[in-house]
Amino acid sequence: MKRTVRRAFPLFVLPTLIAFFIGFIVPFIWGAYLSFNKFTVINNTTFVGLQNYAKIFTENDFVHSLWYTALFAIISVLTINIFGFLIALALTKNFRGTKAFRTIFFMPNLIGGIVLGTIWKMIFNGILAHWSTTIVSDAKYGFWGLVILMNWQQIGYVMIIYIAGIMGVPHELIESAEIDGAGSWQCLKSVIIPILRPTITICTFLTLTNGFKLFDQNLALTAGKPGKASEMLALNIYNTFYGRVGWQGVGQAKAVLFTILVAVIAFAQLHFTRSGEEQM
Amino acid sequence: MAKNNKNVSVDAADKPVKHGWIWTLGLTVLALFFIFPIFEVVINSFKETSAIGGTDTFILPTKETFSGLVNYVQGIADTNFWSAFGNTVLITVLSVLAIIICTSMCGWYIARVDSKGTKLIYFLYAFSMVIPFQMVMYTLAYVAQNLNLTSPIGLVPVYLGFGAGLATFMFVGFAKSIPLEIEEAAMIDGCGACGIFFRIVLPIMKPTYITVAILEAMWIWNDYLLPYLVLDSDYKTVPIAIQFLQTSHGQVEWGPMMAIIILAIIPIIIFYAICQKYIIGGVVAGAVKG
């Protein structure tokens, strides 16, 4: 059997593999190489070693966006998961309208980042107009605006995953806990949450990665304004590439650091998921 | 109550909660908060731009500010909306088709042929899932330009390449769970690799096809940066058209903007209404496996 399948390599594997080289492998390796070069045009480069990496930290915009992004990611991960989990708990009870509520809460997740950012820009400017200010006049507004926006978009997303998890909790366990005299809070703390640990890990990391990689919403809501004060990592990298002549190499070096950061989060996730499985 | 907890739907699982109407009421209030932004977009799409922005934003249209379909007409003309819409549909449909066909074949091959080569390819696919787009965007745009992949059709192989990781990964996972006996029996009956795959494996993998198609469609339909950087500037997609309308006039023309957003959201809502079950199932499967 193996031999028959093996002969099918050109038809079965090659199309995806060629596209994968064009769409990922070549740009990735080339990008990593370019981070050690100075260039304005891609085919006229000078090797400069680690100079681009050193240059990143001569200005504080990258470090600022790093902290801004990290703080945003932490706060939005907490709020999205807490609200999403609470709503999921409510919607797994039996009362009228749970299906309709699920449909409504999930819907914003289907709308793209550019559209979401634009919608909320109008809403926030309408609210802030009462104090004669706008979303781009203070980085704080942009920050909390983005937190609210992401909550609106992703609460429904994690809610759906939590609902699937909660529905998988065996009824016998909850019943026997109730027979033993556990109240609903104790039941939640000692039965449901421990069983849902893998689900919680998944949702936490999904929202964490989404928070760090956020670009479209950031661009459409504030575009980093005022100045660069509400610029998150992905947007900062983009602006370094396309906003400053001669800084393309630095942009690529920033992208490498960004990639390492995201990869570390991904490996942490893998580690946590695996150790969670062993405990189960 | 505990009789079968495997295939219960939540609504039938438990006895009704006490004071169910309080729960319904509380969540209705919350749901109104969720719908509110969309509602604002709808009403503002029928108002003159001068009556949007500032504190006027939340006021319903009046006789003076009601603008009928003017915003729609202007928005469509300003952004060349139908062309952008057509491009988005074309790119999404073709890319999703290419992705599910090519990566399912590739995934099945990787699951069946155990060699150093397939292990390496599998590792690279998994690795690519972690890498953020910013890492490759600059060089990818250049590669695509040099290979003449800057038209909507040209974007299809680019999406296949950049999206190959997650899709193949999911197909490998599912293909590994299919018992080998069925395929072996088919081979004894004289089926080649193609026969086995298209007649036997493909029908079994139908749920994975739906999951992958939905995840990829949601990504590609809404994607902004990749098509913005790769596509020739003559072509726009819907997200590009909306971002263009934000920045092109210096000041945002809120009326036409809201109208365009409505036109962009309607297909999503229709799609959601038709395949809600698959979308939600796909998102859960994608989250748990990806």
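A: Domain bounds here are taken from an automatic or database domain assignment. This is a predicted model, in which local features need pLDDT of at least 70 and side-chain atom pairs count only at pLDDT 80 or more, while totals for chains, interfaces and linings use all residues. Residues are numbered from 1 along each chain as its sequence is written, and chains are lettered from A and ligands numbered from 1 in the order in which they are written.

Chain A is assigned two parts, domain 1 (2–52) and domain 2 (55–279). The C-alpha centres of domain 1 of chain A and domain 2 of chain A are 31 Å apart. Between them, 10 residues of domain 1 of chain A are in contact with 10 residues of domain 2 of chain A; contact means that the C-beta atoms of two residues, placed from the backbone, lie within 7 Å. On the domain 1 side, helix H3 (14–34), strand E1 (37–38) and helix H4 (51–56) of chain A each supply at least two residues. Helices (H or I, at least four residues) and strands (E, at least two) are DSSP runs, numbered from the N terminus. H3(A) gives the largest share of that side, three residues.

The contact between the chains takes 84 residues from chain A and 79 residues from chain B. Helix H2 (residues 20–44) of chain B gives the most to the chain B side, with 10 residues. The residues on the side of chain B that touches chain A are 54 nonpolar, 18 polar and seven charged.

The next topic is burial. A residue is buried if 20 or more other C-beta atoms lie within 10 Å of its own, exposed if 12 or fewer, and partly exposed in between, with C-beta atoms placed from the backbone. A nonpolar core is a set of buried Ala, Val, Leu, Ile, Met, Phe, Trp, Tyr and Cys residues joined through C-beta atoms within 7 Å. The largest nonpolar core has 154 residues, of which Val115(A), Met159(A), Tyr109(B), Ile242(B), Ile260(B) and Ile261(B) touch the most other members. Helix H7 (residues 155–176) of chain B gives the most to this core, with 15 residues.

Leaving aside neighbours within four places in sequence, Val115(A) is in contact with Ile242(B), Ile261(B), Ala264(B) and Ile265(B). Ile242(B) is one of the buried residues of H12(B). That helix, H12 (residues 238–247) of chain B, is mostly covered, with seven of its 10 residues buried.

Gly68(B) counts as exposed because it has 10 C-beta neighbours inside 10 Å. Its C-alpha is 8.9 Å from that of Glu48(B), 20 residues apart in sequence.

Note on methods: Nonpolar A, V, L, I, M, F, W, Y, C, P; charged D, E, K, R; others polar.
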